[in-house]
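This briefing sets out the ligand shell, the helices and the nonpolar core of the structure shown below. Please keep the sequence and the model at hand while reading.

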Amino acid sequence: MSVRSERKAGIHAMAVRVLSAGFVLALASAGAGCDSGSAPAPEPAQPAAEEPVAPAAEEPTAPAAAGDTSARAEAEEIFTTRCQTCHGPEGAGDGPGAAALAPKPRNFQDPAFQEAVSDEHIANIIQFGGVAVGKSPTMPGNPDLASRPEVVEELVAVVRELGRS
Ligand code: HEC
């Protein structure tokens with residue numbers, strides 16, 4: 001009796017397996033049919049989603065060993081693409097976007113400004129925006145950099161170097 005019920009159970013388990021395998025196959029082929037029908041173009045790699053900037057494609061080829069260099073390159077790229085419009089290419093606060101702003105962006109070349117602010121303050125305003133540090137709300141935050149402290153650090157360095165030029 002126990003042998004019979006074991007066999008029965010075995011057959012049952014097998015049937016379940018066959019059935020579910022068939023179900024998975026059906027799902028898979030339904031999915032494949034769907035894909036080829038609606039969108040023949042290959043989907044773009046997912047990592048690009050967060051970073052619409054072209055250099056994102058270079059990330060896999062730049063291994064961790066070049067960490068500092070790539071963080072620096074990324075910071076410079078971010079300054080050019082996100083900050084320059086207001087702060088100007090040399091940080092003088094004369095970017096095209098600055099005309100409409102009140103207060104105007106600070107002149108990073110001004111030694112008095114450089115002395116007045118700490119690295120931490122610069123890092124905070126870059127990440128969290130003007131409001132968070134009691135400054136103008138027109139200075140935007142960059143919340144995507146919260147997980148990239150090394151890039152924030154390099155952006156602070158970029159701001160500091162503009163003060164030395
Ligand atoms: C839309 C225009 C705009 C953009 C884009 C912008 N800023 Fe600003 N930023 C401002 C304005 C305006 C101020 C001045 C705020 C104030 O004095 O109240 C400012 C202030 C600053 C300050 C000085 C903070 C202080 O205490 O005086 C730093 C540093 C700074 N921005 C860095 C950056 C960096 C780095 C970027 C790019 C990641 C950036 N900003 C992008 C408008 C902008």
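**Ligand shell and overview**

The residues of the shell around the ligand divide into 14 nonpolar, eight polar and three charged; Ala, Val, Leu, Ile, Met, Phe, Trp, Tyr, Cys and Pro count as nonpolar, Asp, Glu, Lys and Arg as charged, and the others, Gly among them, as polar. The model is a predicted one, in which local features need pLDDT of at least 70 and side-chain atom pairs count only at pLDDT 80 or more, whereas totals for chains, interfaces and linings use all residues. Residue numbers start from 1 along each chain as its sequence is written.

**Composition of the shell**

- Around the ligand there are 25 residues, of which C83, C86, K135, S136 and M139 come nearest; a residue is near a molecule if its C-beta atom, placed from the backbone, lies within 6 Å of it.
- At least two residues of the shell come from each of α2 (67-87), α4 (119-128) and α5 (149-164).
- Helix α2 supplies the largest share of the shell, six residues.

**Overall fold**

- The chain contains five helices and zero strands, where helices (H or I, at least four residues) and strands (E, at least two) are DSSP runs numbered from the N terminus.
- Along the sequence the pattern reads α-α-α-α-α.
- Of the 165 residues of the chain, 13% count as buried, meaning that 20 or more other C-beta atoms lie within 10 Å of the residue's own; a residue is exposed with 12 or fewer and partly exposed in between, with C-beta atoms placed from the backbone.
- Among contacts between residues at least 6 apart in sequence, 41% join residues at least 24 apart; two residues are in contact if their C-beta atoms, placed from the backbone, lie within 7 Å.

**Nonpolar core**

- The largest nonpolar core has 15 residues, and I126, V151, V152 and L155 have the most contacts inside it; such a core is a set of buried Ala, Val, Leu, Ile, Met, Phe, Trp, Tyr and Cys residues joined through C-beta atoms within 7 Å.
- Each of α2, α4 and α5 supplies at least two residues of this core, and the largest share, five residues, comes from α5.
- In soluble globular proteins, nonpolar side chains tend to be buried together.

- Residues I122, I125 and I126 of α4 are buried. They lie on the same side of α4, because they cover an arc of only 100 degrees around the axis, the arc being that of the directions from the helix axis to the C-beta atoms.
- The buried residues of α4 pack against α5.
- Leaving aside neighbours within four places in sequence, I126 is in contact with N142, L145, V152 and L155.
- In α5, the buried residues are V151, V152, E154, L155, V156 and V159.
- The 16 residues of α5 should span 22 Å at 1.5 Å a residue, and its end C-alpha atoms are 23 Å apart, which agrees; the expected span is 1.5 Å times one less than the number of residues.
- D119 is found in helix α4 and is partly exposed, because 13 other C-beta atoms lie within 10 Å.
- After α4 comes G129, whose phi is positive, near 90 degrees.

**Loop between α2 and α3**

- P103 is found in the loop between α2 and α3 (111-116), and the peptide bond from A102 to P103 is cis, with omega near 0 degrees.
- G91 is found in the loop between α2 and α3 and is buried, because 25 other C-beta atoms lie within 10 Å.
- Leaving aside neighbours within four places in sequence, G91 is in contact with F108, Q109, V159 and L162.
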